[in-house]
Structures are given as structure tokens and as C-alpha cells.
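Biologist: I am new to this structure and would like to understand the words used for it. Could we look at it together, one term at a time?

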Amino acid sequence: MSVLTGDDVLARWLPFRALTGAEPGALPLYCLPHAGGAASAFRAWQGKVPGVAVQPVQPPGRESRHREPPYRRMAPLVSDLADAVLTDVETAAAGRRYALYGHSLGAIVAFELVREIRRRGGPQPVHLFVSGSDAPHLTYEDGPPVGQMGREQVVELLRTLGGTPEWLLADQEALAMILPAVQADFTVKETYEYEAEPPLEVPVTALPSNADPRVAFAKVAGWRALTTGPFDLHPFEGGHFAVFEQAARTQGIVAEALRPWA
């Protein structure tokens, strides 16, 4: 049985690690995608945030990791991701500084990642950005479990959320490749249970959208209670993927928040 080296692990989790388009010593920004999403969701952000090395995160079960089984629970996902991020931070991040951005499920994963790293005594991020997600400690109702839906139901959900090309939703072979990761990721969220811990000491910026069909706009403000650091709220007009559809504005918000460290 082959043993993966640290470089192998980083290559899996950070497939565009060497392609950030940033200057040496730029602040790493690890970007965690939505349910069913992949590193390519953030690929276009590389080189667009001054002083920041955007690092799209690749979970297993999709794109370059499509042969690997996706996670179905939060704890092992966060534990393995913490291994990768801490390895990269220790070897590549100037002053062990970094930031996190998570969208939808990625926002909850990013939050739990910060707490896991804190439990290990590792360096905390200089900033946490969250979009497309209610605060994790608040109750929410997403409807029937996606992991138990049939193919047509999942396709209709993806169509409602937007962000998935119609040609892909109509291609049965392509669907067969992406739906396992989609349903596994939703299972991660649907089985997730928030456990109370002391609030973070990390600045948090939330970017909600006013017409997101799966996120209660009013509950996004609940992220404020999860940190003793500064909290900012930047509302967007649009649906679940507005931060990507209005990428220039999103990147500007990120750049401004990270300016002291970039």
C-alpha cells in the first residue's frame, strides 16, 4: 500500500496551489465550495485579490478527486482538511497567517475548521468570510433530506438554487458523476449538529443574498454571536450564487478586509 507524502496530500486538497497568480509571500485564502461544488468554483478568483493567494479547496468525490469517496459526516472532513491546511500554513504561509472563505456548506465547514485548528493549538485565521449560509448555531429547515431524494428531485433542487449549467442537468452521464458528491455533501450538512464552544476571536464577514431560496436572510446576522472579533455584513441582490455572479464586488470586499495583512 502506498503512503502519501505531505506534498501528495496538498496536491489533492489544493490542486491549484502553484497557480495562484500572487507574489511570493502573499496571504493564503483557502476557499471552501458549496455542496457538490469543487475547487473550480473559485479558480477564476486567483490573481484577482491583490496581495492574496487564493487557494481553492478540492474535497474528494469530484473533479481531480472523482475516484475518491466523498465525506458524509462533518467531523472526519474537518479533521482531514485541518491536516492539509495546517501543513500548508506551516510550510508556505508567511508568519503562519491565512484566511478562510466558505460558501454554503463550505461556510459551515470553514467555521468548524477554525474550531478544529483552535482545539489543536494551531494559528487562527486573520479573517473568516461566509456566504450562502445561516449561522450554524441557529435552527433551519431545508426540507426533505437531499441524501434520500431521487435523481429528478435533486436535479430540480439544483435548478432552483442555480449555479449548475442546464446542459449538465440534462446530461444523464454527467449527472451520474456529480450527484453522489452532491448528495454526500448535503448529508454532511443534514447530519451536522452544532456544539457550543467559546466564540471565535476572528473577524467575520458575512455576505448574504436577499433572494436565496435556502438561506434565511435574517439568520445570517446570527454569525455575529459566534465571534468576539469584528463582524461585517455585506448584503447582495440575487440568489444563492450571487457572490460568484457578482465576483468583482465579492473580491473587492475580500481585498478590503484583508488589506492589513496582504
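Biologist: Why is Glu 63 called partly exposed?

Modeller: The relative accessible area of Glu 63 is 36%; buried means under 20%, exposed means over 50%, and partly exposed lies in between, with a 1.4 Å probe and protein chains only, so Glu 63 counts as partly exposed. Please keep in mind that this is a predicted model, in which local features need pLDDT of at least 70, side-chain atom pairs count only at pLDDT 80 or more, and totals for chains, interfaces and linings use all residues. Residues are numbered from 1 along each chain as its sequence is written, and side-chain values use heavy atoms, with hydrogens and water left out.

Biologist: Where is Glu 63 placed, and which residues does Glu 63 touch?

Modeller: Glu 63 sits in the loop between strand S2 (52–56) and helix H2 (74–92), where helices (H or I, at least four residues) and strands (E, at least two) are DSSP runs numbered from the N terminus. Not counting residues up to four places away in sequence, Glu 63 touches Ala 38, Ala 39, Ser 40 and Gln 58, a contact being heavy atoms within 4.5 Å.

Biologist: What makes Ser 104 count as buried?

Modeller: The relative accessibility of Ser 104 is 11%, and as that value falls under the cut-off for the term, Ser 104 counts as buried. Ser 104 is found in the loop between strand S3 (99–103) and helix H3 (105–119), and its phi is near 60 degrees, a positive value in a residue other than glycine.

Biologist: How do you know that Glu 193 is exposed, and where is Glu 193 found?

Modeller: With a relative accessible area of 64%, Glu 193 passes the cut-off for the term and is therefore called exposed. Glu 193 is found in the loop between H6 and strand S5 (204–207). The C-alpha atoms of Glu 193 and Pro 59, 134 residues apart along the chain, are separated by 20 Å.

Biologist: Why is Leu 179 called buried?

Modeller: Leu 179, which lies in helix H6 (residues 172–190), has a relative accessible area of 5%, and so falls under the cut-off for buried.

Biologist: What makes Val 52 buried, and with which residues is Val 52 in contact?

Modeller: Val 52 lies in strand S2, and its relative accessibility is 1%, so Val 52 counts as buried. Leaving aside neighbours within four places in sequence, Val 52 is in contact with Ala 22, Ala 26, Leu 27, Leu 29, Leu 258 and Ala 262.

Biologist: Which residues have the most contacts inside the largest nonpolar core?

Modeller: They are Leu 29, Leu 100, Tyr 101, Trp 223 and Leu 258, in a core of 78 residues; a nonpolar core is a set of buried Ala, Val, Leu, Ile, Met, Phe, Trp, Tyr and Cys residues joined through side-chain atoms within 4.5 Å. Leaving aside neighbours within four places in sequence, Tyr 101 is in contact with residues including Leu 29, Phe 42, Trp 45, Phe 129 and Val 254.

Biologist: How many helices and strands does the chain have, and what makes the chain as compact as a globular protein of that length?

Modeller: The chain has 9 helices and 6 strands. Its radius of gyration, taken over C-alpha atoms, is 17 Å, close to the 18 Å that the globule rule gives for 262 residues, so the chain is as compact as a globular protein of that length. The rule itself is 2.2 Å times the number of residues to the power 0.38. Of the 262 residues, 52% count as buried.
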